[in-house]
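Please open the model in your viewer and keep the selection panel at hand. The stops below go from one selection to the next.

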Amino acid sequence: MSDDALLEIRDLDVTYWGRSLLGLKGKGFHAVKSANLSIRPGETLGLVGESGSGKSSIANTVLGLVPATAGSIRFGDVDLASMRTRYPSAVRKEIQAVFQDPYSSLNPSMTVEDIVTEALRVHTAMTRDERRGRALELLKLVSLSEEHLERHPHQFSGGQRQRIAIASALALTPKLIVLDEPVSALDVSTQNQIINLLYERRDALGIAYLLIAHDLALVHHISDRIAVMYLGHIVEEGPSDRVYRSPAHPYTKALLDAVPLLDPDAQRRRRATRKALPARETPRVASQGCPYRNRCPHVMPRCEAEMPPDYPVDGGGTAACFLFDGSTATTERTSDLGAPA
Amino acid sequence: MATSTPNALQEADRHAVTMGQRLSEFWYYFSENRGAVIGLWVFVFLVVVAILAPLLAPHMPQQQYRDAILVPPYWQEGGRAAYLLGTDAVGRDLLSRLLYGARFSLFIGVIVTTLSLTVGIFFGVIAGYVGGKTDTFIMRIMDVILAFPSLLLALVLVAVLGPGLINAMIAIALVLQPHFVRLTRAAVMSEKTRDYVVAAKVAGAKPLRLMFKTILPNCMAPLIVQATLSFSTAILDAAALGFLGMGAQPPTPEWGTMLAEAREFILRAWWVVTLPGLAILVTVLAINLMGDGLRDALDPKLKRS
């Protein structure tokens, strides 16, 4: 994790406190446990994991919607975690977001112009005409046109709505955009357009993305690096190609194997191997030991007792797995199950 | 300049088109409901009558004709063409009084509804958005107000404030406002978790802007419906207070007060009681029908996106 990082997350904990009957602090729910991540300017970091793994909690913490319980989030020169949810305007305008469902992320009572220029109205002293001009530029960036300015969100299709959401995230040319499953609510055909649009904008404007998704193939396609989360822990992190082609952590492999294969025979064979594995779910205590130990085919005694630290992996990145303790064997890891081509 | 003017015109035009579209869409759903359209026309008629009362009324509402006491409507035996709907016990022309009475009723409706709507929305949005102890505090007060029978509470308030039309309106507004608070709060609570609110937060909108600019416009549909319905409730309650002698005071041609004055002639002269009563009935019915139509047209649950 270098010094030139745009966003650097260190030992981040996010805990949601339940409320007991008397309004006292109840039992905590650890959504994120000591997570480390960093994003360099203009870089895309893909954050993957199953639902409930804490990836959205990380996103919400970075966006200042949920306070961090412990740890630090350094953004440029400032520590976001210490500001909790009150970001000053100078920080707020550098971090924008695109949400999953474009049917609920656009205010139905506003026109497209108002939606796209909302951030400008809050953070700049631009006049109405200047904002309108900027709104036009933004719409052109996302291949919409002037005639759409006065319309309301319900007059657009899902893909168009997501373009509008992207346009409004781009309004202030932020340094970081958090993309919370930006395409999973869209048709496959539209997904491509949106991905390409995001790609172009990143290259043209040098914006860094924190991309959250559960589709590894898609994340691989767009990300420079990938981090994999499981039950609140980041279990593997590394360059996109390395994680996708030769996954290190057993969970990453399982995740990749969940992508169906095109060849039915290969798919059947793979399913047979998978059925042989234990499938117990870990209770979400995560106080001790590896979170994946109960589902892991390579489980060893020490996995029960201690949480594996991040070990470096051949080809870059780290994996939180004792299989990588010492220089024992990345060779044996060349996957009996095989990464899907 | 030369180029900006046609541009501005074009823009205004385009704006008009989208507004027109929305209106025509609204009208499409509204006109599905026959009763609502009838209610609307009756209401429009009442508004016109109220505005033109000085022109339409054949006499002054307070003018007493000593030679024409309790004259029946003109189609009845003993009726006179000068007093189309007859006169009351002190010889005032009933038609003129009813026409002027429409002004009072609509005035009461407008003032009471605006008052309770603004106050109700204000507290409702705060309760719904802030939540926690503020919410509990506001809602418990509203529960206390709701726990009283509304007319009784209004009566107590007027007794404290002193009888009179203005005080009656304040009392009724206070009694009606918890409904708005509850409705607004519920709508705000369901809207505030939506992604567009989060998006506005990320864009940097401050709480006040979030509450009143981002969330509130999306909560308006049920509020408009409730506002129409409480318009009629306000008229009805004001009439009831007038009837009990706590609202508008006697010479005022307010429908409820007219009823109260005419109470002792129920058997001798049916028109002095029936006609103001009918006026109240028709007004309230028309507005309620209109409110139902509005609900059909505005309720998002009954509408495709």
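Select the contact between the two chains, which takes 18 residues from chain B and 22 residues from chain A, two residues being in contact if their C-beta atoms, placed from the backbone, lie within 7 Å. This is a predicted model, in which local features need pLDDT of at least 70, side-chain atom pairs count only at pLDDT 80 or more, and totals for chains, interfaces and linings use all residues. Residues are numbered from 1 along each chain as its sequence is written, while chains are lettered from A and ligands numbered from 1 in the order in which they are written.

On the side of chain B that touches chain A, α1 (4-31) and α7 (195-203) of chain B each supply at least two residues, and α7(B) gives the most, with 8 residues; helices here are DSSP runs of H or I with at least four residues, strands are runs of E with at least two, and both are numbered from the N terminus.

Next, select domain 1 (7-223) and domain 2 (246-324) of chain A, whose bounds come from an automatic or database domain assignment. The C-alpha centres of these two domains lie 30 Å apart, and their contact takes 5 residues from domain 1 and 4 residues from domain 2. On the side of domain 1 that touches domain 2, β2 (25-39) and α7 (216-222) of chain A each supply at least two residues.

Finally, select A:L211, which, not counting residues up to four places away in sequence, touches A:T44, A:L45, A:G46, A:L47, A:L179, A:V219, A:I222 and A:S223.
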